[in-house]
Amino acid sequence: MHGPASPGWLLVALCAATGAYCLLRMRSSVAEQRRSAGGEALMGFGMAAMAVPAAVFSPPTWAWPLYAAVFGAAALRALWAARTNARHLHHLVGTAAMVYMAVVMATSPGHHAAHGTTSGVPLVTGALLLYFTGYVLLSGVRLVPVAAGGGTLGWGDRPELAKACRLSMGIAMVAMLITL
């Protein structure tokens, strides 16, 4: 992504840590939590890879279409899962946002103004920013009253940590969309 190196590295660390925690959540005894955590781990590590500052590493030209293909497949999986559980619609929006960012980066590697000479925020970027900002605010409010779980729950089954994981990925998505 475009932008200064220090915030970029912080974003990489946040997304990689979130992805790593989601891998731990995949050890849950609940099948739905394992599936959800797998998709979130993919998002976390994918966001970490995309957030590496361009001054440090510029991916080869074939990497952006690969990102788009991987997240396109994840979007199809989220769409399939959304037919039985509406909660997967958020995963669909997240993977679609990753596809969008990969396409933008593929079409404009190296310039900061990725959308030509028009002024302002492009419509899709603005809509995604509104969605994820609302998601972050709502998730933050929902996280506040959650009490810490008892000692009997494993790391993969703690609902407050899963919500914090999703919140941190939402914050990272807002930051990535702003720097797009």
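Before I start on packing: I count a contact when heavy atoms lie within 4.5 Å. I also keep in mind that this is a predicted model.

Entry, α3. I looked up its length first: α3 has 20 residues and spans 28 Å from first C-alpha to last, close to the 28 Å expected at 1.5 Å a residue.

Next I asked which residues of α3 are buried. I found Ala63, Trp64, Tyr67, Ala68, Phe71, Ala74, Ala75, Ala78, Ala81 and Ala82. Looking down the axis of α3, I see these buried residues within an arc of 140°, so they line one face of the helix. What do they pack against? The buried residues of α3 pack against α2 and α4. On the face turned away from the buried side, I noted Leu76 and Trp80, both exposed.

Entry, core. The largest nonpolar core holds 36 residues. Met47, Met50, Met98, Met101, Met173 and Leu177 touch the most other members. I then checked which elements give two or more residues to this core: α1 (5-25), α2 (31-51), α3 (63-82), α4 (88-107), α5 (123-143) and α6 (159-179). The largest share, eight residues, comes from α6.

Entry, cysteines. I searched for disulfides and got zero. Cys22 is at 0% relative accessibility, and the cut-off for buried is under 20%, so I put Cys22 down as buried. Cys165, at 4% relative accessibility, counts as buried too.

Key. Residues numbered from 1 in each chain as written. Predicted model: local features only at pLDDT ≥ 70, side-chain atom pairs only at ≥ 80, totals over all residues. Heavy atoms only, no water. Core = buried A, V, L, I, M, F, W, Y, C linked by side-chain atoms within 4.5 Å. Buried < 20%, exposed > 50% of the residue type's maximum accessible area, 1.4 Å probe, protein only. Helix = DSSP H or I, 4+ residues; strand = E, 2+ residues; numbered from the N terminus. Expected span 1.5 Å × (residues − 1). Arc of directions from axis to C-beta. Disulfide = S-S within 2.5 Å.
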